[in-house]
Amino acid sequence: MHHSGFKLITIKEVKLQYPFLIDHEGFDHFDEWEEGDLFLVAHESVNFEGNFYLDLYEDKEKKWLAHVLGVPLKEMDDLRIEGVLINGNLYVGGTIINAEGDYGPYVFIKGDVNCQSMLLGGSYVEIEGNVTAKEVVMTSYNHGNFKCSGCIEAPVFIVEDHYTTVADRKNDLFYYNDKTDDMDPEDESEYDEDSDEEVISIELRKHLDNPFITTFEELKRELEEGELVLKESNPPQKNQEYWQKRVSSNYRDLKIVPHQFKTTALCEMALNWTYHALPFVEEEFITSEL
C-alpha cells in the first residue's frame with residue numbers, strides 16, 4: 001500500500017498553504033471548524049491499492065486510517081478530521097467510498113481520479129480534473145454535493161437525489177439522474193407498491209452481475225463493500241462463508257443471496273436476529289413451528 005504521501009495537518013496550516021480553498025463553497029460550510037482541527041493531506045499525486053474511505057470519523061475508517069498513516073489507533077480517537085485534500089491525481093485500485101449519506105468531510109482533489117468505482121453521499125466533494133471509473137460512479141442523497149470540473153467517464157453513472165454538477169460525461173452502459181429532464185424513460189425507476197420501494201430499471205439490472213439487486217440501496221451496499229458489480233467485469237464467485245458474513249452484518253442482504261447459498265441455516269440466522277428479515281425468506285422455509 002502506497003501511503004507515504006499522506007499526513008494529517010491542521011486547518012490553520014491548510015489555510016496558509018492553500019489559501020484559495022477558503023473561498024470555496026464547501027470549505028467550512030457551517031463555520032464550525034477550529035484552527036486545530038485536521039485535514040488528511042497529500043501534497044502530490046497518490047497511488048492507492050485498496051478501497052479509499054472518506055468517512056474518516058467512523059470507527060472502522062479510523063482503524064483504516066491509523067493503518068494507512070502507521071500510527072497507533074489510540075492516537076486517532078480524539079482527532080477531528082474535517083477534510084481530505086489531494087494536490088494532484090488520485091489513483092485507487094478499489095472503490096472510493098463515502099457511504100454516510102447525511103454528512104461527511106470536505107474533499108478537494110486538484111487533479112484526475114482513477115478508480116474501480118466511486119460512491120459519494122453526504123460529503124462536499126470537488127474534483128478539478130476528470131474521473132475515470134472501471135464500473136460505477138454513484139452519488140446518493142440530498143445532503144451531499146459533488147462538483148467535477150472535468151468529465152465523468154464510467155460505464156454506469158447514477159445521480160440519485162444528490163446535488164451533482166459535472167462538466168461532461170461519457171457513460172456507455174447506463175445513465176440515471178433524477179434531477180434532470182434529459183433521461184431516457186427506459187432508465188427511470190418505478191415505484192413498487194408491494195415492497196414500497198423504487199425498483200431500478202431493467203436497463204440497469206441487465207448489466208448487474210447479481211440479478212437479485214433491484215434497488216439503489218442494495219446497489220449502494222455492494223459499492224460500500226468495494227465489490228465489482230457489473231457482468232462485464234466478471235466478478236469472482238462468492239461462497240457460503242461470504243454470504244453468511246454479509247447477512248450477519250446486515251439482514252437485508254438476505255434478499256440478494258443466490259438460491260444455492262440461501263440455506264435454512266442462513267435464513268434462521270437472519271430471523272433469529274430480527275423478524276424484519278421475514279420478507280426475504282422463501283415460503284418453503286416458513287414452517288408452522290416458525
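Author: Strands S8, S10 (117-120) and S11 each supply at least two residues of the lining of the largest cavity. Helices (H or I, at least four residues) and strands (E, at least two) are DSSP runs, numbered from the N terminus. On a 1 Å grid over the protein atoms alone, a cavity is a set of points where a 1.4 Å probe fits but cannot get out, and a pocket is an open set with protein on both sides within 12 Å along at least five of seven lines; lining residues have an atom within 4 Å of a point.

Reader: Before more of that, what kind of model is this?

Author: A predicted one, in which local features need pLDDT of at least 70 and side-chain atom pairs count only at pLDDT 80 or more, while totals for chains, interfaces and linings use all residues. Residues are numbered from 1 along each chain as its sequence is written, and side-chain values use heavy atoms, with hydrogens and water left out.

Reader: OK. What volume does the largest cavity have, and which residues line it?

Author: Its volume is about 40 Å³, where grid points are joined across faces, edges and corners and a volume is the space filled by probe spheres set on the points. The lining is made of Leu54, Leu90, Ile96, Val107, Ile109, Met118, Leu120, Val125 and Ile127.

Reader: How does that lining divide by class?

Author: Into nine nonpolar, no polar and no charged residues. Ala, Val, Leu, Ile, Met, Phe, Trp, Tyr, Cys and Pro count as nonpolar, Asp, Glu, Lys and Arg as charged, and the others, Gly among them, as polar.

Reader: Now pockets. What is the volume of the largest pocket, and which residues lie nearest its centre?

Author: The largest pocket has about 470 Å³. There are 23 lining residues, and His29, Phe30, Gly104, Gly122 and Tyr124 lie nearest the centre. By class, the lining of the largest pocket has eight nonpolar, eight polar and seven charged residues.

Reader: And the second largest pocket, what is its lining by class?

Author: Two nonpolar, two polar and eight charged. The second largest pocket has a volume of about 360 Å³, and its lining includes Glu160, Glu197, Glu198, Arg252 and Lys255.

Reader: Which element gives the most to that lining?

Author: H4, with four residues.

Reader: What follows H4?

Author: Glycine 226, with a positive phi near 75°.

Reader: Which residues other than glycine have positive phi?

Author: Among them are aspartate 31, with phi near 55°, and tyrosine 141, with phi near 90°. Aspartate 31 sits in the loop between helix H1 (11-17) and strand S2 (38-42) and is exposed at 66% relative accessibility. Tyrosine 141 sits in the loop between strands S13 (136-140) and S14 (145-153) and is partly exposed at 34% relative accessible area.

Reader: Switching to rings. How many aromatic pairs are there?

Author: The structure holds 20. Rings of Phe, Tyr and Trp (its six-membered ring) pair if their centres lie within 6.5 Å; planes under 30 degrees apart count as stacked, over 60 as edge-to-face and the rest as tilted. Tyrosine 106 and tyrosine 124 have ring centres 6.2 Å apart and planes at 35°, so the pair is tilted. That pair links distant parts of the chain, with tyrosine 106 in S8 (residues 106-109) and tyrosine 124 in S11 (residues 124-127), 18 residues apart.

Reader: Is tyrosine 106 buried or exposed? And tyrosine 124?

Author: Tyrosine 106 is buried, at 2% relative accessible area. Tyrosine 124 is buried too, at 11%.

Reader: Which residues form an aromatic cluster?

Author: Phe6, Phe48, Phe52, Tyr53 and Trp64 form one.

Reader: What about charges over rings?

Author: The charged end of lysine 110 sits over the ring of phenylalanine 20, 5.6 Å from the ring centre. Lysine 238 places its charged end over the ring of tyrosine 242, 5.5 Å from the centre. The criterion is NZ of Lys or CZ of Arg within 6 Å of the ring centre and within 35 degrees of the ring normal.

Technical notes. Buried < 20%, exposed > 50% of the residue type's maximum accessible area, 1.4 Å probe, protein only.
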